[in-house]
Structures are given as C-alpha cells and as structure tokens.
Amino acid sequence: MNHFASSQSTSRIENSPGQPTCVRWHVMALLAVVSALTFLDRLNLSIAGQFIQQQFRLSTQTLGWILSAFVLGYAFFQVPGGWLADRFGPRAVITVAILWWSIFSAMTAIAPRLPFARWFGVAWSFAIVRFLIGLGEGATFPNANKIVSSWMAATQRGIGNSMFLAGIGLGGVLTPILIAWMMRKWGWQASFYLCGCIGIVIAMIWYFYVTDRPAQHPGVNEAELARIHTGPFAQAVNDEKVANADITRSHISPQWKKIFLNPSAWALVLSYFFVGYASYLYYTWFFLYLVQVRHLTIMQGGLWGTTPFIAMAILTPVGGAVSDAAVLRMGRRRGRQSAVWAGLICSTALLWLGSHAADNKLAILFLAAAAGFIGFATTGWWATCNDLSQNFSGSLSGLMNMGGNLGGWISPVLTAYIATHFGWMRALDFAGLLTLVAGALWFLVNADQKLEESAP
C-alpha cells in the first residue's frame, strides 16, 4: 500500500458527500498513456532500423531477427507478468516494468558498445537488448487488465479495457512522427535516450497516483466506491456478489488448475492466437506492403501507414461500449460473443476487399478499417478475462496474451512465405480466414462461468 493509505480514512470522509468522484477514469486514461508508451518503445526500432542497418551493415534478414527478438521476450513474460499481478498487485509490477523496459530502451543506443557485442557480435547485442525490452513490456497488459478488474464496475469492463487498448492505436500513430522528428534533430541514438527518459517520468506518475484497488485511494469517495462495486445498473450484476467481495481480499496466488481445466479459458487463448496473427500484419509488414506492393513513396508509406492505428484508436473504445451494452441487453455470454463476432466478420470482409481492390487509396482505407475492427473485437477478450475471474484475471489475461503474441511471432514469417509463393493477395486472404477461425472458437467461450465459484 502506498502513501495514499495513511490519509485514506480522512479523505474518504471529506469526499463522501455529493456525486461520485471520477478517479477511476483518470486511472483508465493513465493506462492508455502507459499502453501508448509500450508501442513507442516497441516500434521505435522499426523506424530507426534503416539507419542502424546501414551503419552496421546488417542484412534485412538479420534486422528481421532483431525485431522478432522483442516478440519472443514479450510472449515469454505474459504468464509470469500476470502471476505477479495476482500475487503482488499491479501498481508495483507496472512501475517496475516501465522502469525496466525504459532503461533497456535507452541502452539500445549503446548496444554496439555493450559486452554482448564483443562476445557475440553487434546484431546479437541489439537482439538481446530487444528481448529484454520485450520481457518488461510483457508484464504490462496482464497487469493493466488486473487494474480494470479492480477499478471498473462489472457493467463497464468493456469500455475500461478499450481505453488501455486504444493506447495501441495512439502509440502507433505518434511513434513514427515522434521518432522521425527526434532522429532528424539529434540522431537515432538520442531518440532511444529520450524514449527511456519519457518512460521513467511516466513510471513515477503511475507509482505516486495509482493504487491497486480503489478503496486504497484517498481521492475515491464512497459514492464512487459504490458505483465501482455495484455499477449503475445493479439489477444486471447480481451475480457479481462473490467477485465484488473478493476485491477487498489480499493478493492471492492464481489457481492454475481451474484455469487450465476451463474450456472458455482455452478457447480465449486459441482464438487470441489466430487474431494475433492478423494483428501483427500491421506491426510488421504493412509499411513494406504499401511501399513494395502498392508502390507508395517512403513519405507516403509513412503517412498512410498510420491509418490502421488511427482506426484502432477510434474503433476500440466503440467496441468496448458496444460490448458492455450487449452484455446488459443479452447477458454476458451472448453479449461478449456478439460484439466479438461483429468485429471479426467486418474485419474479414474488409481484409478481403482491401487485398482485392485495385485503387490504392480505397485498398488502404479498407485494410485500415479491418485493423480498426480487430481492435473493436479485441475488447471482448480482455473483458471476458475479468468476467471469468476477478482474482485471477492477471494470470488468465497473461496466458491469453501469450497465445496472441505467439501468433504474432509466426505471422511475419508465414506471411512472407505465402506472399513469396502465392502473392500478397493470398497472404491477406489467409489472415482474414484466421480471423474467422478466431470467431468460430468463441462458440466455446462462456463469460457467465466463474473460476472462483468453486474456490475454497
């Protein structure tokens, strides 16, 4: 518990009268900033890659392995990061994670002078640093999901998750602009130093403002606590009594047996694997597709390359709101399913239209909208982790996100193979097919199930 706890009772009395406070929305906004920061440090090497490649005479294939090293580290630490959230609380874990990856992001600038470079070579030194950045970022999203589980009412989990997921789009839009500006002004090394400094500042803001649970925060009054614990539509969340009681419990270790034996949990992991494959097309190949296949200039590719992330930033919160509204109307199971299905069906159709469109601008807009509808659907996965388990949501979402990033690790390799042998049209069509497979697996997801129901 942080420094807020000492004045908790006094502040609670002072803040009790009147309307509910809005601290939970401030926490969600800060989560979006943290999410955007992860993509700043995830994509910065992609922007600076051509300068590094030229300076150290790295082949395109070697640069590809350096970029993929991040994904391996990121996927590897999803489950441990989620376990740490459930065991020790997300506030401290996210703070340490931001500091960890920010320090190693800054160290990217000196990777050629690290001992790794003398022992294994410059390329391996870059790859090891990127792997370590991935380890730190791997803890972030499971912990963010744990924050949403504790801070948002059961009827607002979709919109809560969508706010930190919208940070992906925000980070994807701002990173090319910010990194390109910093490189032109101070060089590629300085851009990594500045990314590290930005991360340290955000880590401090996070640590001194956020608490694990709203009851620990002196800025949260009793009215806001009641809103969080019951939601504005109490008649729709009667089945949340057990989970809401658990919110005041101390941190506990996850019950892995319950998670691994739950069919909904496995359906979430497998379906997120397939949707992760499609998502990583935009993180890895989209810019090169625009330049090499659609024959845009480098400048045009940079500008049009932001359109998928703009679409994600817009449609992800819409998907969260639609998911929550559908839950109130149809119940958790059908509500979450219907929102995910709507997003994935639209994404598949738009991927097909984009890959077959002859006009470049129309094709790019279709493909960008397809990315946006993936974001629209993605909120359903994260909200369902909260629905299935409030106490173990960090571990469950970590397991799910590991599956998604393993799909993302395979995506650039398999996409390149299909594009080389069968053409880019088939590569994009295949990604669309996998989004349908992801949707089909949601027939097995039941957000009404509770992992805690049979817990001792």
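This is a predicted model: local features need pLDDT of at least 70, side-chain atom pairs count only at pLDDT 80 or more; totals for chains, interfaces and linings use all residues.
Colleague: How many helices and strands does the secondary structure of the chain come to?

Modeller: Helices (H or I, at least four residues) and strands (E, at least two) are DSSP runs, numbered from the N terminus. By that definition the chain has zero strands, and its helices come to 21.

Colleague: What percentage of the residues of the chain count as buried?

Modeller: Buried means under 20% relative accessible area, exposed means over 50%, and partly exposed lies in between, with a 1.4 Å probe and protein chains only. The chain has 456 residues, and the share of them that count as buried is 57%.

Colleague: Among contacts in the chain between residues at least 6 apart in sequence, what share joins residues at least 24 apart?

Modeller: Contact means heavy atoms within 4.5 Å. Among contacts between residues at least 6 apart in sequence, the share joining residues at least 24 apart is 84%.

Colleague: Which residues have the most contacts inside the largest nonpolar core?

Modeller: A nonpolar core is a set of buried Ala, Val, Leu, Ile, Met, Phe, Trp, Tyr and Cys residues joined through side-chain atoms within 4.5 Å. The largest such core has 107 residues. Its largest share, 13 residues, comes from helix H2 (residues 23-56). The residues with the most contacts inside this core are Leu31 and Trp381.

Colleague: Leaving aside its neighbours within four places in sequence, with which residues is Trp381 in contact?

Modeller: Neighbours within four places in sequence are set aside for this list. The residues that remain in contact with Trp381 are Leu268, Ser271, Tyr272, Val275, Val340, Leu344, Met400, Ala438 and Trp442.

Colleague: Is Ala144 buried or exposed, and what is its relative accessible area?

Modeller: Ala144 lies in helix H8 (residues 140-151). Not counting residues up to four places away in sequence, Ala144 touches Leu31, Ile94 and Phe164. The C-alpha atoms of Ala144 and Ile94 are separated by 8.0 Å, although the two lie 50 residues apart along the chain. Ala144 is buried, with a relative accessible area of 3%.

Colleague: What is the volume of the largest cavity, and which helix gives the most to its lining?

Modeller: On a 1 Å grid over the protein atoms alone, a cavity is a set of points where a 1.4 Å probe fits but cannot get out, and a pocket is an open set with protein on both sides within 12 Å along at least five of seven lines; lining residues have an atom within 4 Å of a point. Grid points are joined across faces, edges and corners, and a volume is the space filled by probe spheres set on the points. The largest cavity holds about 290 Å³ of space. With six residues, the helix that gives the most to its lining is H14.

Colleague: How do the residues lining the second largest pocket divide into nonpolar, polar and charged?

Modeller: Ala, Val, Leu, Ile, Met, Phe, Trp, Tyr, Cys and Pro count as nonpolar, Asp, Glu, Lys and Arg as charged, and the others, Gly among them, as polar. The second largest pocket holds about 250 Å³ of space, and its lining includes Trp65, Ser68 and Phe131. Helix H3 (60-76) and helix H7 (122-138) each supply at least two residues of this lining, with the largest share, six residues, coming from H3. The lining divides into nine nonpolar, two polar and no charged residues.

Key. Residues are numbered from 1 along each chain as its sequence is written. Side-chain values use heavy atoms; hydrogens and water are left out.
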